[in-house]
Amino acid sequence: MASDTGVRVPGFAIAPALLGVGLLVLPLLALLTRASWSTLVADATSPQALSALWLSLRTGVAATAVCVLLGVPLAVLMARSSARVAQLLRALIAVPLVLPPMVGGVALLFLFGRTSPIGQFIDSLWGITLPFSTAAVVIAQSFVALPFLVLSVEGSLRAAGAGYEQAAATLGAGRWMVLTRITLPLAAPGLVAGVILCFARAIGEFGATALFAGNAPGVTQTMPLAIYTAFNGAGTGRDSAVALSILLLATAVVVLLLVRAWRPGALK
């Protein structure tokens, strides 16, 4: 078999490659075959399912906004810092990507819990307890989704280089003008892709949310938690769980298509 580059694909790689594709695709096909298509809309629009869906969308949007507010400045700092500083920051930011989500939930609980200094400060100042609240869902989602946005924006800025910014500064442009007229437009492709990936990761978050925010219907029970609850014999029925799973799968497909569309040269 020859590729577009004219280089033949090694024969020994074809069978393992097909098995790898099967490992990725067949479970999704199995999910689709278990769906009750005649009642799919009713299952996906049941009160419990709609509550979990609406909570996931609200918290996902809020977490994405938090990631944009914090992640874009962090990405600019990384892209315009020295190699050593950028490498250190990149390593720190990548931790949530490799950290088991449950560990992240425990860490957030220890950081913001009632017995922690920060938790006690927030409680004394505003009378708010963060764990097991809707705000905790947003924090957990932001924790796991932030790296996707930061790394996407930083990659765009590094690919564009700093030449335009230096030229603008030489011509007398201030830092704010350089940021808004040069830096952010250069980062636009990475920012759009990062926002899409960030939102998708946020609404799919399970482990950190379960430990830090809990699983209270209407308060902290997002779609992944509703699916988990249903398959453990409580809450929504299994048909609703399958319907929500298909909805999340459809969201993932849309995300991949949107990211593909925003890749440089994707439309060429």
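This is a predicted model: local features need pLDDT of at least 70, side-chain atom pairs count only at pLDDT 80 or more; totals for chains, interfaces and linings use all residues.
Local features need pLDDT of at least 70 and side-chain atom pairs count only at pLDDT 80 or more, while totals for chains, interfaces and linings use all residues. Residues are numbered from 1 along each chain as its sequence is written, and side-chain values use heavy atoms, without hydrogens and water.

A cavity is a set of points, on a 1 Å grid over the protein atoms alone, where a 1.4 Å probe fits but cannot get out; lining residues have an atom within 4 Å of a point. Points are joined across faces, edges and corners, and a volume is the space filled by probe spheres set on them. The model has 2 cavities of 30 Å³ or more.

The largest cavity has a volume of about 50 Å³. Its lining includes F112, R114, I122 and D123. Helix α7, residues 117–126, gives the most to this lining, with 3 residues. Helices here are DSSP runs (H or I, at least four residues), numbered from the N terminus.

The second largest cavity has a volume of about 30 Å³. Among the residues that line this cavity are P96, L99, F143 and R201. Helices α6 (101–112) and α8 (134–160) each supply at least two residues of the lining.

The loop between α7 and α8 holds F132. Phi of F132 is near 65 degrees, a positive value in a residue other than glycine. F132 counts as exposed because its relative accessibility is 52%, and exposed means over 50% relative accessible area (1.4 Å probe, protein chains only).

Note on methods. On a 1 Å grid over the protein atoms alone, a cavity is a set of points where a 1.4 Å probe fits but cannot get out, and a pocket is an open set with protein on both sides within 12 Å along at least five of seven lines; lining residues have an atom within 4 Å of a point. Buried means under 20% relative accessible area, exposed over 50%, partly exposed in between (1.4 Å probe, protein chains only).
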